[in-house]
Every structure is written in structure tokens, then in C-alpha cells.
Amino acid sequence: MKITGLFEYLTPDEKKALGLDGGRRRVVISAAIDVHTRCLLALQIVPEGIADPLRQTLEMIYTDKSRISDELGCEHDWYQHGKVEELIIDRAGKYISDEAYHILASLGITNLGAPAGKPWLKPFIERVFRTIHRKLLARFSGRNFSNPVERGSNDPAARATLTVEEFLCWLVRWRVDAYHNDRHSGLGITPLQAWERATADVRPKTLSNREMRLAFGTRLTRKSGRHGIRVMCLNYQTDFVIKQFAKQGPETAEVCYWHGDVGAIEVRYDNGDWTTAPRPRPPKLPKTPTTT
């Protein structure tokens, strides 16, 4: 936004609401680990005000994150992902919501809730957080300490030295290039080696883009027209939408849009079955003859 000049048009209140006012803030990390290989399938910062971090964390588990590691210049790829069959979740307030349980049920995930305040019931992920604290966060002056005695007179807010974006870069690069490539005492090998061995014969199951849309997509309502259905400035069309428009005229449809694949959406009328509506390919322009 600074490069394009748009940042200057934001009011102070808008900058504060978007978290762009430069103020110091404490962040919360949400993560998911594969118990068999100890690989981290999801690791993200949960911004303040996010009511349902479980949805975003689950989506990250199912997504190949190589693009993230590539953009941050990691030496290795963050490709570990797959379909979940059983999940142990923290029953803290942020993770308990009707929407979260709906997604778990729709994906066929057996979920076991670990009682809040009993970290020993989920030792694998708690050890990861301890490792992050000891091997990564300890290197930064603005970190919090585990208790008031350790913290002493240190004021983490006053000593904050990183932007959230910079911290995210360090967090991902540490996870991809350091954590996954360090020998794990419980495995005897590195998490990356454990993943490669486990998936050598049986590849992890994945979801299709359609299944990802229905599980993690945003539900909207749109009116159909001659152009089809317009979502995020793009038109989507299919024979089903054309026939519905010819029969009923402009009609409100429920739409499921997923940011991971803007090439198609899911459409349904009156709580019927979902139908995939792709984005029509633009017509090919005739080639202009060249002369010499």
C-alpha cells in the first residue's frame, strides 16, 4: 500500500483498525503438528479479533505451502499437507465455535478435545511451542517470558524490535529450514526425513479444489443475470445457471467462493445441490498479420 500510495489515503482510525498504525501488539501463534513425523502442517499468527482461528489453521493443513516458503527464500519447500482423519484440538475459547465443528463434521474428521489448562494431554504441540520459545523467540529482545520471575524488570513492549511481517518471515524460515531439518530426539531422525519415509509408499490423501471450496469457502448471495454470476469482479457461467435464468429470470443464488481457486465457484438455488460454475475463458483475439 505504501508503494502504490494508497496508505496515505487511510485515516488514523482506519490504520488502527487494520493494525497498520505501527502500535505494539502481542500476537498468538496457532499451529498443527503431524504426530507421526513431527512435521508442522500449519503455523500462523492469529490477529486480534479473529473469532475462529481453527478454520484458518485447518485450511493450512490441507494446503501445499511451497509458495510461501519460495517467496520467503527458504532453502527447503514447505510442501507437507494432506487430509486429516483424526484431530486433537485445544478446547480454548477461540477454537470452540459452531462453524469450526461444522467444518470438522463436513470433512469427516474425528475430533478429540483436550481440556483447556491441561497441556500434558497434548504433549507434541506443547513441545513445539517450547522449542519455538527456546530456539527462536529467545533471540528477540521483545519476547515475553514464561513467568514474572524470568521477566524481571524487562518490558517486552518497550523492547519490541520487529514488525509482524518481519516476525512472520523469521517464523516460517525457522520452521522450514531449521526445525524440519534438526534431528528430533523422539524420532532419531529429522521430521523431514520421517515425512519422506512415511510418504514414500503411501501418499497423503488430499482434497480437490471443489471440496476445498465447500469446506473453507466464503458463502455469499448473488443475483444471476445474462452474464452469469458475478463475484469479486469476475463472471462465472455454466449451463445450469443459464437454464435457471432462462426459466426464472434474475434469481438470488447462494455462492461458495474460495480464494485458493478463483477459476470456479459453487452455486445452488433454494438449498439444492451445489453445481460448479467455472469462469469462462476470454475469447481469443484474432492474430494481426505482420508485414515486412
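Does methionine 232 belong on the buried side or the exposed side, and what is its relative accessibility? Methionine 232 counts as exposed, at 52% relative accessibility, where exposed means over 50% relative accessible area, buried means under 20%, and partly exposed is in between, with a 1.4 Å probe and protein chains only. This residue lies in the loop between strand E6 (229–231) and strand E7 (234–236), and it has a positive phi of about 50° although it is not a glycine.

Before I go on, a word on what we are looking at. This is a predicted model, in which local features need pLDDT of at least 70 and side-chain atom pairs count only at pLDDT 80 or more, while totals for chains, interfaces and linings use all residues. Residues are numbered from 1 along each chain as its sequence is written, and side-chain values use heavy atoms, with hydrogens and water left out.

Now the chain as a whole. Its secondary structure comes to ten helices and ten strands, which are DSSP runs numbered from the N terminus, helices being H or I with at least four residues and strands being E with at least two. Of the 292 residues in the protein chain, 38% are buried. If we take the contacts with a separation of 6 or more, 58% of them are between residues 24 or more positions apart, a contact being heavy atoms within 4.5 Å. The accessible surface comes to about 18500 Å², and 53% of that belongs to carbon and sulfur atoms; these areas come from the Shrake-Rupley method with a 1.4 Å probe, and for residues only the protein chains shown count as cover.

A second residue with a positive phi is arginine 38, at about 65°, and it is not a glycine either. Arginine 38 sits in the loop between strand E1 (28–33) and strand E2 (40–46), and at 15% relative accessibility it counts as buried.

Let me turn to the salt bridges, of which the structure holds seven; the term stands for a side-chain nitrogen of Lys or Arg within 4 Å of a carboxyl oxygen of Asp or Glu. Side chains of opposite charge can pair when their charged atoms come close. One of these bridges joins arginine 210 and glutamate 266, at 3.2 Å from N to O. Arginine 210 lies in helix H9 (residues 209–216) and glutamate 266 in strand E9 (residues 264–268), so the pair ties together parts that are 56 residues apart in sequence. Arginine 210 is partly exposed at 34% relative accessibility, whereas glutamate 266 is buried at 0%.

Strand E9 also holds arginine 268, whose side chain meets that of glutamate 254 in a salt bridge of 2.8 Å, N to O. Glutamate 254 is in strand E8 (residues 252–257), and the pair, 14 residues apart, links distant parts of the chain. Both arginine 268 and glutamate 254 are buried. Elsewhere, salt bridges that share partners join Arg210, Arg213, Asp261 and Glu266 into one network.

A further bridge is formed by lysine 122 and glutamate 126, with the closest N and O atoms 3.7 Å apart. Here lysine 122 is buried, with a relative accessible area of 11%, and glutamate 126 is partly exposed, with 24%.
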